[in-house]
Amino acid sequence: MEETHNNRTSLVRGAKDIAKEAKRQAAKNFSKAVDRASDEYSAQRSYNRFQNEDEEENNYDSYTQQDGLYADNATNEEDGASSDATEGHDDEDEIYEGEYQGVPGYNDGKPRDGQVALGQPVSDSLKSHKELENERQADEEELAQQYELIMQECGHGRFQWQLFFVLGLALMSDGVEVFVVGFVLPSAETDMCVPNSGAGWLGSIVYLGMMFGAFFWGGLSDKVGRRQCLLISMSVNGFFAFLSSFVQGYSMFLFCRMVSGFGIGGAVPIVFSYFAEVLAREKRGEHLSWLCMFWMIGGIYASAMAWAIIPHYGWSFSMGSAYQFHSWRVFVVVCALPCVSAVVALTFMPESPRFYLEMGKHDEAWMVLKHIHDTNMRARGEPERVFTVNRIKIPKQLDELVEMQNESANPVLKVLFKIRAELRGIWLTFMKCFNHPVKENTMKLAAVWFTLSFGYYGLSVWFPDVIKHLQADEYASRVKIHNNERIEDFTFNFTLENQIHRNGVFVNDRFISMRFKAVTFIDSSFLNCYFEDVSSVGSFFRNCTFVDSFFYNTDIDDTKLTNSRVINSSFHHNKTGCQMTFDDDYSAYWVYFVNFLGTLAVLPGNIVSALLMDKIGRLSMLGGSMVLSGISCFFLWFGTSESMMIFMLCLYNGLSISAWNSLDVVTTELYPTDRRGTGFGFCNAMCKLAAVLGNLIFGSLVGITKAIPILLASSVLVGGGLVGLRLPDTRANVLM
């Protein structure tokens, strides 16, 4: 009986302790709510006001239960008794500055095992999806404000500059990829004997790979993280870019460059999203603009390497007649080095803390933010400064319905299911980019990206081709024409270049160790002639007749003999592959130099845009740059010489770069974190689609007319600039 009485007394005492603790906590919460309301607009910076009501410091120890009964302390009086929930704790549970506490714990508002949930709000399962979305939106807004204050406390210093150069290498790789296509195209097509029907596919297929890559990797970065996606995409680019330099067939080369483009397509959307998320608002516009300079550095690097490597055909080697490794392949390998460097450097960088918070990973985000703070403080000579952030707001995590798979399923099926789930997640996130309130911004941004890219890449193709066309016209004007000639018993052991022979007759002639370069024989006859060690570049025999002739170690085959007759003649040990030397492209040096100058002209525009981005605004710079670029196109009417066209190219590039920089910054700031990579990837995919169309349309107009390219580029750029001015100003935005 006495034991039963003691147990009953213990239960009563425990119940009173619970009631007393609940009353104390309720009064404490009410007092905090009043204090928070009074301090809401104070100038003092506070992080506690961003915490959930569910995160208040009401975490007290659970009562220890022994044999189904609460532990009793008979010596305590009933009025003065203290429960185990408050014993040994401050009323406020404060964390003192300078005291190491480890990673701050984060309570998601759900009662843990053994805890009493006092005043628990309505369960999420009883709320509608719309209510949960509204709560998450409110949490996002609070987190954005708090995160801005945290980044201000972390400061701008060594960490941001380290990440700046690492991401700069990745962006540089994107610029290199764009220029590699144009530089290797003539050499690759000549080396692989590509017919005219296949010429030009290389440029288009690389841009198509980049288009799909931008959409895929940008969307995936919102699901698995910025750093991880960038590492994988850059690794894909580096591997297939390196592999493409060794393959011999043109179709396999196209495939490797397409997959390489697919990998590098993720660089632009991920790089800008990643870097923006570790920058405070007042630094974002300027430093994202400085980051854009690496794209220009990539173009300069590619131009310089092409100029230094491709003309040196002495660097090539061969393994028999089947495997050829010319200098342009060395150039492809060298252009993969920035990508490899970026992959190595990225392994030492952490994930974006803003992405961690978006995914509900509080502890991981806190550790990265503390690392950023400590790195910058040590660089400033203030290692003793303490990172004062204890708790960070986390948006409500909405559960997604997923199809459960059998645990004993085939591993291959599990992988396929995982891929399908990720693709479905990317698609759902993409569709959210067309929900209110970002739907209108997505449509406007897509239009601006498309128009700016269409004009830029279209004219970038048109300018060099026009210069080459002018050079070809000048070269053709110096052609030598020979009519009705007859040559007997003569030995040709020198180069014939830029000639046309009509109705010629060659009898008992010997062509030994010589080259035909841009030589055309029309309606000519070769009687009892001997050809040995002959290469013919850009040379053809049309409607010709060969009688009793002998060919040994030559590259004269059916592709060179157009509508020609071969009578009692034999071909022995014909050369395989296409014969090429740097002399074959008489304008190659000049083309590389023109691209180098055009890329270098971007430097002043980059500096101006970086310095003025936060002063005159993103939209003013975006619209103004596009309109001025469109107006500058009209000066192409006066481009009748190579020097004038080069000047126009430099002027256009210098004016348009500010628009590119502004567009990168605006796109990054307009999308919330949960769809920033997806939205940026979609816009960049539209950019690459416009590049493909610009290549096809403007390339087909070379040498035909000036009016259509000029009017088309001008109208598209001016129209896109006017649409850009209708976008919302993002200077005051925090990253939601």
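The model is predicted. The chain has 736 residues, and 49% of them are buried. It contains 20 helices and 18 strands. Of the contacts between residues at least 6 apart in sequence, 69% join residues at least 24 apart. The structure holds 0 disulfides.

- Helix H7 spans residues 267–276 and is mostly covered, with 10 of its 10 residues buried.
- The buried residues of H7 include Ala267, Val268, Pro269, Ile270 and Val271. Phe272, Ser273, Tyr274, Phe275 and Ala276 are also among them.
- Helix H8 covers residues 281–309, and its axis comes within 10 Å of the axis of H7. The two axes cross at roughly 145°.
- The crossing of H7 and H8 is right-handed.
- On the H7 side, the contact is made by Val271, Phe272, Phe275 and Ala276. On the H8 side, Arg284, His287, Leu288, Leu291 and Cys292 meet them.
- By class, the contact of H7 with H8 has 7 nonpolar residues, 1 polar and 1 charged.

**Phe275, a residue of H7**

- Phe275 lies in helix H7.
- The relative accessible area of Phe275 is 0%, under the 20% cut-off, so Phe275 is buried.
- Beyond its neighbours within four places in sequence, Phe275 is in contact with Gln160, Leu163, Phe164 and Leu167, among others. Its contacts also include His287, Leu288 and Leu291.
- Phe275 and His287 are 12 residues apart along the chain, and their C-alpha atoms are separated by 8.9 Å.

**Helix H9 and Cys335**

- Helix H9 runs over residues 327–335. H9 is mostly covered, since 7 of its 9 residues are buried, each under 20% relative accessible area.
- The buried residues of H9 are Ser327, Trp328, Arg329, Phe331, Val332, Val334 and Cys335.
- Cys335 has a relative accessible area of 8%, so Cys335 is buried.

**Helices H16 and H18**

- Helix H16 takes in residues 602–616, and helix H18 takes in residues 642–670.
- H16 and H18 pack at an angle of about 40°, with their axes 8 Å apart.
- At that angle, H16 and H18 are therefore oblique to each other.
- H16 passes H18 in a right-handed crossing.
- From H16, the residues in contact are Val602, Gly605, Asn606, Ser609 and Met613. From H18, they are Asn653, Gly654, Ile657, Ser658, Asn661, Ser662 and Val665.
- The contact of H16 with H18 has 4 nonpolar residues, 8 polar and no charged ones.

**Helices H17 and H20**

- Helix H17 holds residues 618–632, and helix H20 holds residues 707–724.
- The two helices pack at an angle of about 165°, and their axes are 7 Å apart.
- Because angles over 145 degrees count as roughly antiparallel, H17 is roughly antiparallel to H20.
- H17 passes H20 in a left-handed crossing.
- H17 contributes Leu619, Leu622, Gly623, Met626, Val627, Ser629 and Gly630 to the contact. H20 contributes Ser714, Leu717, Val718, Gly720, Gly721 and Gly724.
- The residues of the contact of H17 with H20 divide into 6 nonpolar, 7 polar and no charged.

**Gly455 in helix H14**

- Gly455 is found in helix H14, which covers residues 439–476.
- Gly455 counts as buried, because its relative accessibility is 0%.
- Gly455 is in contact with Tyr652 and Leu717, leaving aside its neighbours within four places in sequence.
- The C-alpha atoms of Gly455 and Met626 are separated by 9.7 Å, though the two residues are 171 apart along the chain.

- Thr375 has its place in helix H12, residues 362–380.
- The relative accessible area of Thr375 is 7%, so Thr375 is buried.
- Not counting residues up to four places away in sequence, Thr375 touches Arg158 and Phe159.
- Cys154 has 0% relative accessibility, so Cys154 counts as buried.

Conventions:
Residues numbered from 1 in each chain as written. Predicted model: local features only at pLDDT ≥ 70, side-chain atom pairs only at ≥ 80, totals over all residues. Heavy atoms only, no water. Disulfide = S-S within 2.5 Å. Buried < 20%, exposed > 50% of the residue type's maximum accessible area, 1.4 Å probe, protein only. Axes fitted to C-alpha atoms, helices over the stretch in contact; angles between N-to-C directions. Helix = DSSP H or I, 4+ residues; strand = E, 2+ residues; numbered from the N terminus. Parallel < 35°, antiparallel > 145°, perpendicular 65-115°, else oblique. Left-handed = near helix turned anticlockwise from the far one by under 90°. Contact = heavy atoms within 4.5 Å. Nonpolar A, V, L, I, M, F, W, Y, C, P; charged D, E, K, R; others polar.
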